[in-house]
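Dear colleague,

Please read them with the coordinates open beside you.

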Amino acid sequence: MNFKLHTQLKPADNQSRAIAQLASGVKNGEKHQVLHGVTGSGKTFTIANVIEQINRPTLVISHNKTLAWQLYQEFKEFFPQNAVHYFVSYYDYYQPEAYIPTTDTYISKDASVNKKIDAMRHGAVQSLLTRQDTIIVASVSCIYNLGSPETYQKVTWEIEEGQKITRKEFLRSLVRLGYERNDFDPFAGRFCARASLIEIHPPTGEEKIIVELEKNQIKKIHTPTPPTKTIGLPGNPIVGVKIYPANFWITPEDKLHIALNNINTELQGRIKELKSQGKEIEAYRIEQKTNYDLEMMKQMGYTSGIENYSSHLEFRESGTPPFTLLNYFSKNFLTIIDESHMTIPQITGMYAGDRSRKKTLIEHGFRLPSALDNRPLTFKEFGGLTSQIIYMSATPREYETQLAQRRNIAEQIVRPTGLLDPMVEVRNTKNQMQNATEEIKNNVKNGQRTLVVTITKRLAEEVAEYLKEKNISVNYIHSEIDTLTRPVIMNKLREGEYDVLVGVNLLREGLDLPEVSLVIIFDADKEGFLRNETTLLQTMGRAARHVEGRVILYADKITRSMRLAINETKHRREIQKKFNEKNNITPRSIEKKIHELPEEMLEKEKIQKNLAPYQNMAIGELEREMKRAAKNLDFELAATLRNEIKKLSNK
């Protein structure tokens with residue numbers, strides 16, 4: 001299938017030039033190109049046009065999940081007939097396995113997996129394996145170990161009508177593919193079996209598949225008839241279907257026993273090595289832990305932390321790069337690195353941090369040395385797997401511009417809407433909260449939204465609480481707010497349910513909030529990562545989509561970063577003014593529709609509302625409330641409180 005762009009928009013002059021330059025560069029084999037575009041200049045629209053022209057599978061990498069979601073929604077709107085998918089880390093809560101030698105503290109891996117995001121990851125991978133017209137919008141988690149694409153396809157099970165198989169063999173095959181049996185709570189990656197009918201829920205969360213067995217053969221395969229979706233109805237008949245694995249860590253049965261033997265061989269060698277060093281406790285630890293995992297894999301084909309044995313399960317040599325999402329793409333795919341000034345450093349730094357944590361675990365007998373092969377890619381390995389890259393940023397770094405050899409830089413330094421960069425004002429910190437509150441209230445009267453940017457997560461929460469006491473509709477957002485709740489909060493800001501959003505560093509690059517006319521930055525003079533020139537420019541740019549956009553910096557002095565950012569903003573204003581005068585353009589605010597959110601996100605919001613009255617309670621109090629809710633037959637609230645108790649206990 002070919003990419004087909006659906007939009008009423010027409011490229012402006014500078015967009016047309018950028019599209020032609022970038023598309024020509026890709027076709028001519030240029031490895032590195034840069035799209036240097038100011039905030040609000042329509043960089044995503046430009047890239048969408050490039051994708052349509054070159055017609056290749058495309059990976060778009062963003063440095064945070066919220067921005068990735070926004071890009072995912074935009075590309076879905078641009079390409080409704082093509083496959084657009086979202087691939088980010090599926091953890092709502094994640095505590096990696098770790099060991100602290102100084103206090104002899106072992107912290108086991110603890111995670112809360114978001115089933116919806118897990119399903120979306122499977123959908124992304126399966127799309128890459130079945131069609132060329134695929135766009136994957138991913139976070140940097142796409143460079144983490146994912147499992148072999150060759151194995152993933154090899155273990156995929158094809159079934160068809162008339163196929164000879166017993167019920168026992170059928171169910172066993174599903175279990176070997178990682179599916180769990182649950183006859184009462186069907187979900188993605190599960191199946192239920194009732195007599196001769198087997199209901200399979202694909203890991204992608206798509207329509208369930210119903211298989212009817214009779215006399216040791218498959219009599220019928222179908223999907224339910226909408227809207228009843230009752231098992232056993234005639235439904236939509238299917239001649240044959242592929243059953244994909246329920247997780248990415250599946251090894252063919254004929255090879256699994258070889259892999260387990262290899263793991264055991266490494267284990268015995270490691271035990272001998274540790275004992276020779278006088279590390280009896282460490283030797284005991286690794287023996288107990290690994291033998292437990294081996295037994296789980298032998299019986300179930302899976303164990304928690306199975307990815308730590310990936311090099312054995314995939315028969316990879318030690319030190320070789322792991323398989324990642326990039327390996328599922330065809331060779332000539334295009335890579336777009338959004339907000340490259342932030343995303344590239346993230347990709348660069350992941351390998352070292354992961355290796356340091358695992359080395360400590362290995363030294364103290366919690367993991368085998370082969371666990372080091374379960375890792376993210378190094379930056380060099382990442383470059384080796386990508387074919388051609390377009391770096392996209394309003395503030396590209398020297399690294400990207402050098403790679404593009406200066407000549408391969410497409411510029412969008414003016415906005416088609418005629419919008420100027422926001423006016424910037426520096427104010428003294430004396431009485432800053434009262435002053436900021438008055439500014440916010442005036443903004444509310446004008447029906448406009450405000451972003452408030454703090455330097456810590458705790459301060460963001462405190463500022464939000466202060467504004468709430470002043471009867472201002474406000475919420476906060478930072479990294480501890482789970483992935484699927486963030487877009488809900490963003491939408492509510494745009495819809496007017498909130499007038500103010502307070503955050504730390506999630507309110508910077510790329511977020512498209514046209515209703516925001518005021519950005520307030522506290523501690524603007526705290527020179528450093530969160531207040532350098534690039535960060536300040538990006539944060540101030542959040543007000544660049546509104547015709548009345550302005551920025552207030554609260555500071556006791558003007559730092560070098562502040563001065564550079566303010567001067568750059570003034571320079572851009574002058575360029576846009578001249579462009580507007582020359583082309584007789586009257587600036588107008590950007591208008592963008594608010595995307596509807598899936599039920600899963602709204603359900604998260606409902607859970608948060610249910611928890612609100614219990615937020616400051618201790619675990620003991622929560623347990624009493626949980627029992628009271630169960631006694632009153634409010635099982636939904638009881639389950640929500642149970643999950644909250646578990647999360648607090650883990651912390």
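Six strands form an open sheet in the order β20-β25-β24-β21-β23-β22, and their pairing is parallel, where strands (E, at least two residues) and helices (H or I, at least four) are DSSP runs numbered from the N terminus, and two strands pair if DSSP finds at least two bridges between them. At the edges of this sheet stand β20 (423-427) and β22 (474-477), each of which pairs on one side only. From one strand to the next the twist averages 20°, with axes taken as lines fitted to C-alpha atoms, for helices over the stretch in contact, and angles running from 0 to 180 degrees between N-to-C directions. Within the sheet, β21 (residues 449-453) and β23 (residues 500-503) are joined in the parallel sense by 4 bridges, and valine 453 has glycine 503 in β23 as its bridge partner. Helix α15 (residues 486-495) packs on the sheet and touches β21, β22, β23 and β24 (516-521), its direction making about 135° with that of β21; contact here means heavy atoms within 4.5 Å.

Before going further, please note that this is a predicted model, in which local features need pLDDT of at least 70 and side-chain atom pairs count only at pLDDT 80 or more, while totals for chains, interfaces and linings use all residues. Residues are numbered from 1 along each chain as its sequence is written, and side-chain values use heavy atoms, with hydrogens and water left out.

Another open sheet has 7 strands, paired in parallel in the order β3-β8-β2-β17-β18-β1-β19. Its edges are β3 (83-87) and β19 (409-412), and because each has a single partner strand, one side of each is left without a neighbour in the sheet. Neighbouring strands of this sheet are turned by 15° against each other on average, direction ignored. Strand β1 (residues 32-37) runs parallel to β19 and is joined to β19 by 4 bridges, with glycine 37 standing opposite glutamine 412 of β19. Helix α2 packs on the sheet, where β1, β2 (58-61), β8 (134-138), β17 (334-338), β18 (388-393) and β19 are touched, and the direction of α2 makes about 165° with that of β18. Helix α4 (residues 115-130), in turn, lies across β3 and β8 and runs at about 135° to β3.

On a 1 Å grid over the protein atoms alone, a pocket is an open set of points with protein on both sides within 12 Å along at least five of seven lines, a cavity is a set where a 1.4 Å probe fits but cannot get out, and lining residues have an atom within 4 Å of a point. Grid points are joined across faces, edges and corners, and a volume is the space filled by probe spheres set on the points.

The second largest pocket is lined by 38 residues, of which Leu9, Gly42, Phe45, Ile590 and Lys592 lie nearest its centre. The most is given by α3, with 6 residues. Domain 1 (31-154 + 305-332 + 348-390) and domain 4 (423-583) both contribute to this lining, so the pocket lies between them; the domain bounds come from an automatic or database domain assignment.

Finally, the whole structure holds 4 cavities of 30 Å³ or more, and the second largest cavity has a volume of about 70 Å³.

Best regards
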